[in-house]
Amino acid sequence: MKKIISGNEAIALGFTDGGGVFASGYPGTPSTETLEEVARLGEVYCEWAANEKVALEAAIGGSIAGGRSLATMKHVGVNVAADPLMTLTYTGVNAGLILMVADDPGMHSSQNEQDSRHYARFAKIPMLDPADSQDAYDMVRTAFEISEQFDTPVMLRTTTRISHAKGVVVPREKISPQVGEWVKDVPKYVMLPNFGKIKHVEVEERLLKLREYAETTPLNRVEMGDTELGIITSGVSYQHVREAFPNASVLKLGLVHPLPERKIREFAGSVKRLMVVEEMDAIFEEQIRAMGIEVEIGKNKLPLCGEINADLIRAALGDPVAEAAAPVEGLPQRPPVFCPSCAHRGLFTILSKLKTFVSGDIGCYTLGALPPMGAMHSVIDMGASISAAHGMARVNAIAGRDEKPVAVIGDSTFFHSGMTGLLSLAFNGGNALVIIMDNRATGMTGGQENPGTGKTLQGNPTRQVDMVPLVKALGIDNVFELNTYDLAATEAAIKKGLETPGPYVLIDRNPCVLRYKIRKPAMTVDQDKCTGCRACLKVACMALGLTASGERPKVQVDPNVCNGCGVCRQMCKFDAMHEIEGENNANL
Amino acid sequence: MPIFNIVIAGVGGQGVLMASRVLAESALASGLDIKQNEVHGMAQRGGSVISFVRMGEKVASPVVMPGSADLLISFEPLEALRYLHYLKPGGRLVYNKISINPSTVAAGLAVYPDDVEDQIAASCGNALGVDALAIAREAGNGKAVNMVMVGTVLKNLPLEEEVVTEVVKQVSKEKGVEVNLRALAGGAAA
C-alpha cells in the first residue's frame, strides 16, 4: 500500500522490513526521526545511546553477535564515531551493518556543512545516496546485502531534503529477522597490529571488488535522453536535475563510493557536454577529472556552499529561470527563540547583565548568543563548553587576567561528551564556573529521552542518572542547585560561583516546558503603571511587544503566546505586570 | 495536469506541518504523486517556518522555486510578505490577519511594519486576508487555525473538497474531528 513518508521514516520502515535486529543512535537534525520511527513501528529493538561513538560501537557489537544492525546520526556525529568507524572498516562485519548519516547542506540546523562522502572514501567503504523516500526504503535492504556480501560496513547517507522531504513509498515484502551465530574470530575482530596489517590488505582488495560491483549494480542507472547534455548526479540533486532538465541524459549514482569508472567513461563518451551536479564538495568531479574525463560544467558554475536547486542548475547552463519578484527587503527577521517560559531565558538575562565570557555548547541554549542577550561567545561542538572554558582559564591565569569563564551546557550534551571535559577540568585543578541546564530533554531535536530523563526511547521507565552525585564523582566539590526563574537568586549564585576559585558547578533542574507541556497563567501589563522603560524586553520573549502608537510606547503581553513564567515581571521596577488568573492560551 | 505548487508559511508552533500533511494526503488519495518538504529542526516556538507541497502526475524536486507557487498560504501577515516572491504571476495568496511578533520585535530591536496588509495588497492582486483565529475559536479551539487555513484554499486546490474533508477526518484525533471539520468549513466560508 502506498504511503507518504519522509526519508527518515522510509529508512526506519526499510530497516524494520529488511531483517533489522538492533538499532542505536544519537539525536541530531536531520537524522533524529529515523530511530523514533523504528521505535514507533515497535517491531525491532532500538535505543538512544549517550553519543554517536557509543551508538556505532553498540551496532558493531550487534553485528558481531549476528543481528543486522543500524547506527543513526547526523553528519557531525560521524566525527564522534570516527574512531570506531576507521577500525570497523578493517574488521568488517558478521551480520549486515549500516551507518546512516544525515548531512545538512545549507546548515538548516547544524554548526557546519561537512560532506560525509569524504568519510566513505576515508574509510574505504561503500556509501549509498538515496534520491527520495522510495530509494531510501529500498537502499536499506540493498545496503545490508552489500554489507554481508563484501564483509564491510555500509554508509547510508541522506541530506536534509531527503530525510525531511515526504514522498510516496510502496513497501516490499518483509524479510523476517534472522540472528546468526555469535562468532569468536580473533584475527578478524582483534585489531592488534599484526592482525590489522593483514586486514588492511583485505580492505584494499575489498575496494577493488566493490569497484567492479559499482559497474554492474542497478544502483547506478543511466537514463538516456537527449545526448546534447549528460549529467552525473546523485541524491536530491538528481531530483533537481530532473526538474530543470527532464529530457537530459542522466547517470544517477546510487552507490556514490566507490565510483563506476567504466560506466562514467562510457556515459561521458555518449553525450556532447558533461555536467556534474553534486551538493557541497566536488567529490565526483575531482574523481572524474582524475580519470582523465573532461567535466565541462561542475563547481565552476555551481556553489560549494549551501544547497543546490533546479534554478541554480538552469542558471549554470544559462537557461532561464522563472521570473520572480524580489523578496521584500527590510522585514524584521524571525529567528528561532527560547520558548515562552523556557528556563534558559532567566539564565541568559543574568549572564547578559554580568557581561561575563560564556563558553557555550550545542543545544537550545545556543540561542543565548543571539541579540538582545548576546551572552554566548564561543560554540564549537558537543562538550566544548567545559573543555574550552578550562583552556581559557589556563591562559587567563598565565596572562594575569583575573576573569573566570562560564561554561553553559545542557543535560544531553553533558552526558554526550561534557562529562569527560569536566573530569579533565577537575583532574587539572581548573577554574571555571560550569552551569548545567538539566531540563531533562534533548530539547533542540524535539525533546528526546536521555540518560537523565528516566525513560528509554520507547518511553519505558529506566535508571535515571542522578546529576549531583555524578558531578561530585567526577571530582567537583562545589556543586549547587540553581533556579533560573528567580533572577535575583540566579545572579547571586553566578556571582558566588565566579568569586569562588576553582571548579564550581551550578545545576538548574527546571524541566523543558515544551517537552513536559508545563502551563502557567498568562501575564498582563497594567498600562497605567508601565512607563515604557523597556527593561522587560531584555528577556527576549516573543510574548512581549510594544503598543503600536504613542510617543513612548508601552509594553503589552500577547495572551496567545505568554506562558506565565514571570521572568519579565522581575525586570519591572514599577510593578506593572501581574498574572491573569486561570488564563492560558499559550499554544505550546 | 501541470505540477501544482503550494507554499505554506507561518511561525513555529502554528500547525503549518499538519496543514501540509492534510494537503499531501489529499493529493495521494486523489491519485497524484506528491513531494512535501519543510525545514524543521529547531524545536523552539517562534521561528519562521516554510513548507512546500507539490502535486502532479510525477513530481521530482521537493523544493518550490521562487516565482513558481500557484498558492501561498500564510498563517501570519508578515510571513506572507516574507515569502510573497514565491508566488507566480497571478498566484493566489490567503493569509491569516492575526500577527505574531518576531522575537526581534519583542526585544525592541526591530519594528513590526504597520502597513503589512497594504504592502501585500500592493504586490498581489489575488490576496485574501482572514481572521483565522476568530474562526478557529468559533469552531471550538483556537489551535484549529491550521484547518481554517486549509478551508480557505479548498476552492483553489486541484482536488475534490470531499477528499480533503475525508483526510481531515482521518488525521484528526478523535475528540478533535468535529472542531477540525467546523474549522475547515469556517475557513471555506470566509
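Reader: How many of the 11 residues of helix α1 of chain A are buried?

Author: This is a predicted model. Helix α1 of chain A covers residues 7–17, and its buried residues include A:Gly7, A:Ile11, A:Leu13 and A:Phe15, along with A:Asn8 and A:Asp17. The helix is largely enclosed by the rest of the structure, because the number of its 11 residues that are buried is 10.

Reader: Which residue just after α1(A) takes a positive phi?

Author: The backbone just after α1(A) has a phi of about 85° at one position. The residue concerned is A:Gly19.

Reader: Is A:Ser133 buried or exposed?

Author: A:Ser133 belongs to helix α6 of chain A, residues 133–150. Buried means under 20% relative accessible area. A:Ser133 has a relative accessible area of 3%, and therefore it is buried.

Reader: How far does the backbone nitrogen of A:Gly7 lie from a polar atom of the side chain of A:Ser133?

Author: Beyond its neighbours within four places in sequence, A:Ser133 is in contact with residues including A:Gly7 and A:Ala10, both of which are among the buried residues of α1(A). Other contacts of A:Ser133 on that list include A:Ala165, A:Lys166 and A:Val169. From the backbone nitrogen of A:Gly7 to a polar atom of the A:Ser133 side chain, the distance is 3.3 Å.

Reader: What is the area buried between chain B and chain A?

Author: The contact involves 55 residues of chain B and 58 residues of chain A. Carbon and sulfur atoms give 61% of the buried area. The area itself is about 4,900 Å².

Reader: Which residue of chain A meets B:Arg54 in a salt bridge?

Author: Three salt bridges are counted between chain B and chain A. In one of them the side chain of B:Arg54 takes part, with an N to O distance of 2.7 Å. The partner of B:Arg54 is A:Glu243.

Reader: Which element gives the largest share of the side of chain B that touches chain A?

Author: Across the interface, 12 residue pairs are in polar contact, both at pLDDT 80 or more. Elements of chain B that each supply at least two residues to the side touching chain A include α1 (16–29), β3 (48–56) and α5 (132–139). The largest share, six residues, comes from β2(B).

Reader: Which residue of β5(B) stands opposite B:Ile73?

Author: In strand β5 of chain B, residues 87–96, seven of the 10 residues are buried. Strand β4 of chain B, residues 69–74, pairs with β5(B) in the parallel sense over five bridges. Opposite B:Ile73 stands B:Val94.

Reader: How far apart in space are A:Pro553 and A:Cys533, C-alpha to C-alpha?

Author: A:Pro553 lies in the loop between β20 (544–546) and β21 (555–557) of chain A, and it counts as buried because its relative accessibility is 16%, where the cut-off is under 20%. Among its contacts beyond neighbours within four places in sequence are A:Gly532 and A:Arg534. A:Pro553 and A:Cys533 are 20 residues apart in sequence, and their separation in space is 9.0 Å.

Conventions:
Residues numbered from 1 in each chain as written. Chains lettered and ligands numbered in written order. Predicted model: local features only at pLDDT ≥ 70, side-chain atom pairs only at ≥ 80, totals over all residues. Heavy atoms only, no water. Contact = heavy atoms within 4.5 Å. Buried area = accessible area lost by both parts, 1.4 Å probe. Salt bridge = Lys/Arg side-chain N within 4 Å of Asp/Glu carboxyl O. Polar contact = N/O pair within 3.5 Å; in protein donor to acceptor, adjacent residues only side chain to side chain. Helix = DSSP H or I, 4+ residues; strand = E, 2+ residues; numbered from the N terminus. Buried < 20%, exposed > 50% of the residue type's maximum accessible area, 1.4 Å probe, protein only. Pairing = 2+ DSSP bridges.
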